[in-house]
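Come along and follow the entries with me.

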Amino acid sequence: MTEKEELELFASGHRACAGCGEGTAVRQILKVAGPNTIATICTGCLEVVSTGYPETAWEIPLIHAAFENSAAVAAGVEVALKELGRKEGVNVIAFGGDGGTFDIGFQALSGMLERGHDITYICIDNEAYMNTGIQRCSSTPYGASTTTSPTGKYSIGESRPKKPIAAICAAHGIPYTATANIAYINDLKKKVKKALETEGPAFLHVFAPCPTGWRHGSDDTIEIARLAVETGVFVLYEIIDGDICNLNVTVKPKKRKPVEDYLKRQRRFGHLTKEDIAKIQQEVDEKCDRYGLPKRE
Amino acid sequence: MGEQISMTVKGNMATALGAKLCRPNVVPAYPITPSTLFPEKMSEFIADGELDASMINVESEHSAMSACIGASATGARVVTASASQGVALMHEMLFIAAGMRLPIVMAVGNRALSAPINIWCDHQDTIASRDSGCLQFYAENNQEGLDLMINAFRIGEDHRVLLPVMVGIDAFVLTHTMEAVKVPAQEDVDDFLPPYKPKYGILDHREPATFGSFAPPEYYQEFKYEQTKAMEKSSEVIDEVFADYAERFGREYCKVSTFQCEDADIILLTMGSMSGTAREAIRKMRGDGKKVGLAKLTVYRPFPEAELREILSKAKAVAVVERNISPGSTGAIYAELAGAFINQKKKPLLKNFITGLGGRDILVETFREIYEKTLEVVKAGEVKEPMEWVAMNEEVMR
Amino acid sequence: MTVKITLGAINKEHGSSRKYKTGGWRTVCPVVDLEKCISCYRCYDYCPDAAIKKIENGIEYDLDYCKGCGICSKECPVKAIVMVKEEK
């Protein structure tokens, strides 16, 4: 543990819910990035819990402008730093939630990646619009009940699969893309380091459960994040130079647990029938086969 | 003082030349008719080494203003350009740029808003963003476009102001029309406009600060009050800067400038390129013995209430000629002007004329018609119909 | 706490969220048995609130900020941390 890593650059006193996965994610990411970092954030939970005037949880320079433009604001920051001769040794990180990344901020993100800015974009994914009260977005997985994709007599909950954001970003041909998960801190930190050391754009998709929106105990956050990997629901990998066909899986469970172990821990999936779960299991199995993950237990 | 070089250029080139002389560091921009030539020219200046800056060829106007905000907060001098739907798309970010007190300058090719889509001139695009907190200047010709860009940086960056500034030039009538302009020497602009010095912090890891905080009810109103006070304060800063510019470069600007107003019974209030036509119409009408004058708005935000009262209160009636309409109400300037006079004892009759929308030509004849209609109001001593549309194409009406 | 506003809501009081003690949210409180603690610092890593400090041969809580989420207790590989009902 280096001295830099002892610094808490995302300070205590932030108003995130007890057991918030995003808190762990940002705290650990900034430990790797260190104080020579400028960050941009989207409107959303992260902004609301950390920037309430006259306080701020940020120990590094931070700018929040709107919901859909973390990547575009970061582009302005990065180009200005270069133009003013201050970019050397300074990281630029653009944070976005899943709504701000998959949905409303997708255009700005795509533009930033395509233009080749030296920016690490980090999406902290909790699979719905949590700040406005758990509405579905294109990151919400099949079967999840949210306030705008409620389960009901004629509804299974969310009816569409999760958008494969990391692959879409990698398809821009950017030098570094990775998925990460707050249960796997060392893997996450390694990827943050690689992303920041990469010259040009990097995209990190960080899986971070939300006890409030997923309706699980505040103490279950890490365990559920881990189960997502152990069941193959969320696969941890890296893609270099946009070569989607040669992705490198960084964490391979020795034996895959059934998806039910993951789903049953969260009340957002509590309504799913055996048949629903079997369908999800089949899709996860097919995906894991493609990624070369081990067979299910 | 260096020599001012004469050039014959389109309006977009004039604003680009003005911007270049201000040595911006970052130019985030997105092409849109009729302002596209601005980012093209800025790109050329950079490509040819005439300007030491970076373009950001963003994927939308929303991202253009977002990148402007990021760059300006980092301490850069920033300029962009847009028009019409582009201004509408960045609407959200204009309020944020102003609220964060970032002196971004934007050249606008004033163009109609859809639907129906139309690429020609009116002022609806910037008028629709009048409440954003940006200063708004409107040019009558290309020379004004060039000069106002230079003034915009100095005024916006003044520590008493620190707000974004828009400089409007009329679509096609100016953006695409060649006119002779005088271009100030670089060293003289350098003297007039010192490098941008942010007043209170930038994004710098050596002095970490949070920009774009979440302000709860006990603070929000005070931030808006302070921002509004800065806009009000900009009124005197504009006077100071315009006076300094006139002294250095020999061209005078006023928030409201006048022509033949001293003894005028009727004053035409105009904005943008129509003012030149209005002046020509007034010359002709004066030849016919009509006591008519012109007041031209160069600065629409801050709204120059006091100046307008001073100039217009002597007239019997004022014809407010506008290239914008707020459906369900009137033109924006008319409503605000009425507000400026509401508590005054001495006030002229006010009549609003909506015309020139979506590139409809405003001719000398249009102003004659406006004058005659206003004269009827003077004779009647009252305004029965506050707003009228003129230069309608009766053939296509149903 | 009320402060005078700053230009454009730019906040230079970095890390000032620490003035707000989230410990008041807690309904259950972590208690560590340092005899059992193996100093693996998993609890420290996972804590969303930076409410755990490393000390020689173990950890200590900053109860000003601990929200009582219980992640530390759940993730402790040697069950050295228990959550007890908060005494108010």
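Entry 1, ground rules. I took domain bounds from an automatic or database domain assignment. This is a predicted model, where local features need pLDDT of at least 70, side-chain atom pairs count only at pLDDT 80 or more, and totals for chains, interfaces and linings use all residues. Residues are numbered from 1 along each chain as its sequence is written, while chains are lettered from A and ligands numbered from 1 in the order in which they are written.

Entry 2, the domains of chain B. I found chain B split into domain 1 (5-249) and domain 2 (256-396). Their centres, taken over C-alpha atoms, are 28 Å apart. I call two residues in contact if their C-beta atoms, placed from the backbone, lie within 7 Å. Where the two domains meet, 28 residues come from domain 1 of chain B and 19 residues from domain 2 of chain B. On the domain 1 side, α9(B) gives the largest share, five residues. Helices (H or I, at least four residues) and strands (E, at least two) are DSSP runs, numbered from the N terminus.

I saw 38 residues of chain A in contact with 37 residues of chain B. Which helix of chain A supplies the largest share of its side? I noted α4(A), with eleven residues. By class, that side of chain A has 22 nonpolar, twelve polar and four charged residues. For the classes, Ala, Val, Leu, Ile, Met, Phe, Trp, Tyr, Cys and Pro count as nonpolar, Asp, Glu, Lys and Arg as charged, and the others, Gly among them, as polar.

Two strands pair if DSSP finds at least two bridges between them. I found two bridges joining β2(A) to β9(B), and these strands run parallel. In one of the bridges, A:L62 has B:T210 as its partner.

I counted 30 residues of chain C in contact with 28 residues of chain A. The largest share of the chain C side, four residues, belongs to α2(C). That side divides into eleven nonpolar, nine polar and ten charged residues.

I checked B:A97, not counting residues up to four places away in sequence. B:A97 touches B:M65, B:C68, B:I69, B:L102, B:I104 and B:P164.
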